[in-house]
Amino acid sequence: MLELRPASPATAESHAILAEYFALRAQEFPGGSYTTVFPRPEAFEAPAGVFLLAGPEGAPVGCGGIRRLEDSDAGVRYEVKHLFLKPETRGQGWGRAILGELERRAREWDAVELVLDTHHTLEAAGGLYARSGFARIDAYNDNQNATRWYRKML
């Protein structure tokens, strides 16, 4: 079973897994124009959000977080950010486990919707979001790294 534990994105352990994620995205990103933005730790402090490390302490294999956005017309809204698993750990259902735990926590904080953005080249991620009940929507932000936006009503 995958261990999921909250951590500040500012810890050395969190920074290392995020740096690995951003480096991989930059390497694979079409046109070499990927913009790296490390998350602000305060955006991932309860109840404004949470950042999870996946895997044992000292050896995370992935991460993911949610942060509260301005409420939508529907109500309380959180955004899924930085959902990542090391390539060698993929295909075991761990992405779904991280996403499920983030959704559970958003519900605890009275969220009525989750949103996220991604890039069309991340086909496995897009499949995960669709299987998890997310539907494509119009852009809700101006993220230069994104080409697709999704929402799930909770």
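Strands here are DSSP runs of E, at least two residues, and helices are runs of H or I, at least four, numbered from the N terminus. The model is predicted: local features need pLDDT of at least 70, side-chain atom pairs count only at pLDDT 80 or more, and totals for chains, interfaces and linings use all residues. Residues are numbered from 1 along each chain as its sequence is written, and side-chain values use heavy atoms, without hydrogens and water.

A pocket is an open set of points on a 1 Å grid over the protein atoms alone, where a 1.4 Å probe fits, with protein on both sides within 12 Å along at least five of seven lines; lining residues have an atom within 4 Å of a point. Of its 49 lining residues, Tyr21, Leu83, Thr118, Leu122 and Tyr129 are the closest to the centre.

Seven strands form an open, mixed sheet in the order 1-2-3-4-5-7-6; strands pair if DSSP finds at least two bridges between them. Strand 1 (4-6) and strand 6 (135-137) each have a single partner strand, so one side of each lacks a neighbour in the sheet.

Stay on strand 4, which pairs with strand 5 in the parallel sense over three bridges. Pick Tyr78: its bridge partner in strand 5 is Leu114.
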